[in-house]
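Work through the exercises below with the sequence and the structure open beside you. Try each task before reading its solution.

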Amino acid sequence: MRQKNAFARNFGYANTPSFSGLPTFFAQPYSNNLKNIDLAVSGIPFDCATSNRPGTRFGPRGIREASLLQIHEPPYGWDVDPFGDCKIIDYGDLLIDYANVRGFPQKLEDHVSGILKQNVTSLILGGDHYITYPILKAHAEKFGSLSLLQFDAHSDTWKANDPSDIDHGTMLYHAINDGIIDPTHSVQVGIRTTNKDPMGMNIIDAFEVHEKGPINVAKQIKDAVGNKATYLTFDIDSLDPAYAPGTGTPVWCGLTPMQVSLILRNIIGINVVGMDVVEVSPPFDNAGITSLAGAHVAVELICLWMSGK
Ligand SMILES: [Mn+2]
């Protein structure tokens with residue numbers, strides 16, 4: 001039995017208002033000590049790989065602040081209570097040298113490897129979607145070839161020549177060629193942009209989600225990823241711009257939060273080994289709804305990860 005996380009249960013009551021204090025993720029302790037920790041949440045405020053409009057460097061801060069709006073009771077509709085039963089810390093942000101973009105990928109890979117080596121699971125708050133590439137490398141080093149479960153409007157597998165390119169639209173092309181993602185056991189959900197070469201990835205586009213419904217889609221996902229070590233990356237632009245306008249490259253006809261929530265709650269049992277939520281761009285947000293969506297997705301991913309343990 002895990003030690004109860006007493007800190008979490010003091011959050012949101014009259015003596016510890018959610019609107020005061022330092023805005024850590026879900027009011028979890030801010031710590032750089034990974035000893036006996038189950039999950040480290042860290043921010044990667046990097047948006048130099050953005051093809052359209054930037055701003056996701058403010059994503060981790062936006063998600064942290066929005067996370068404090070969530071009720072402090074166990075997340076609704078799940079059979080787990082991560083903030084009561086897991087030891088979760090806010091591991092802070094990776095310090096990025098904005099003047100040394102070329103040095104960033106290795107720095108990020110080392111950051112994630114440092115978490116995984118302590119047998120702690122990593123949840124990353126982005127940042128643009130490029131960051132998933134070094135994160136995947138760190139996970140593949142530990143777990144071998146990975147299944148990728150990707151929620152996204154874009155495939156991010158557009159062909160590119162140079163693996164050292166720092167680009168949020170080609171990193172999965174390189175990751176598949178590297179062999180760190182096994183495309184036959186990977187699924188992209190919510191796609192609605194054209195890429196003639198899917199590179200063998202299983203694609204459930206946004207139209208298919210609307211037509212078939214989330215329960216059927218969940219079954220397809222479970223069949224595809226099986227028991228393989230699965231990395232889950234959630235690009236907030238998988239949601240329709242109505243729910244997530246604050247993102248670099250919005251595309252209409254996206255998923256609804258309810259569809260996402262139902263999909264995630266019906267793939268319990270898959271072997272999630274790492275997670276990220278990316279592309280939240282507060283400067284383009286309205287009323288904080290994209291940050292709010294990012295914070296809710298992050299909590300849902302934590303519940304899914306915990307449910308599969
Ligand atoms: Mn993406």
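**Exercise 1: Overall build**

The protein has 9 helices and 8 strands. Its radius of gyration is 18 Å, close to the 19 Å that the globule rule gives for 309 residues, so the protein is as compact as a globular protein of that length. The model is a predicted one.

Task: State what the C-alpha trace spans along its principal axes, and what percentage of the residues count as buried.

Solution. Step 1: the C-alpha trace spans about 55 × 45 × 40 Å along the principal axes. Step 2: of the 309 residues, 51% count as buried. Step 3: look at the contacts with a separation of 6 or more; residues 24 or more positions apart account for 77% of them.

**Exercise 2: The sheet**

**Exercise 3: Strand S3 and its neighbours**

Task: Find how many bridges join S1 to S3 and how many join S3 to S8, then decide whether the residues of S3 are buried or exposed.

Solution. Step 1: S1 and S3 run parallel and are joined by 6 bridges. Across this pairing, alanine 40 stands opposite serine 122 of S3. Step 2: S3 and S8, also parallel, are joined by 3 bridges. Here leucine 123 has methionine 275 of S8 as its bridge partner, and leucine 125 stands opposite valine 277 of S8. Step 3: 6 of the 6 residues of S3 are buried. Thr121, Leu123 and Leu125 point one way from the strand, while Ser122, Ile124 and Gly126 point the other way; all are buried.

**Exercise 4: The nonpolar core**

Task: Name the residues that touch the most other members of the largest nonpolar core, and the element that gives the most to this core.

Solution. Step 1: the core has 83 residues, and Val277, Ala298, Leu301 and Ile302 touch the most other members. Step 2: H9 gives the most to the core, with 12 residues. Step 3: take leucine 301 and leave out residues up to four places away in sequence; it touches Leu123, Leu232, Phe234 and Met275.

**Exercise 5: Backbone exceptions**

Most residues other than glycine have a negative phi, and most peptide bonds are trans.

Task: Which peptide bond is cis?

Solution. Step 1: the peptide bond from glycine 126 to glycine 127 is cis, with omega near 15°. Glycine 127 is found in the loop between S3 (121-126) and H4 (132-143).

Step 1: phenylalanine 26 has a positive phi of about 50°, although it is not a glycine. This phenylalanine 26 lies in the segment before S1 (39-44). A residue is buried if 20 or more other C-beta atoms lie within 10 Å of its own.

Step 2: alanine 287 has a positive phi near 55° and lies in the loop between S8 (272-278) and H9 (289-307). The cut-off for an exposed residue is 12 or fewer.

Terms used:
Residues are numbered from 1 along each chain as its sequence is written. This is a predicted model: local features need pLDDT of at least 70, side-chain atom pairs count only at pLDDT 80 or more; totals for chains, interfaces and linings use all residues. Helices (H or I, at least four residues) and strands (E, at least two) are DSSP runs, numbered from the N terminus. The radius of gyration is taken over C-alpha atoms; the globule rule is 2.2 Å times the number of residues to the power 0.38. Two residues are in contact if their C-beta atoms, placed from the backbone, lie within 7 Å. A nonpolar core is a set of buried Ala, Val, Leu, Ile, Met, Phe, Trp, Tyr and Cys residues joined through C-beta atoms within 7 Å. Two strands pair if DSSP finds at least two bridges between them.
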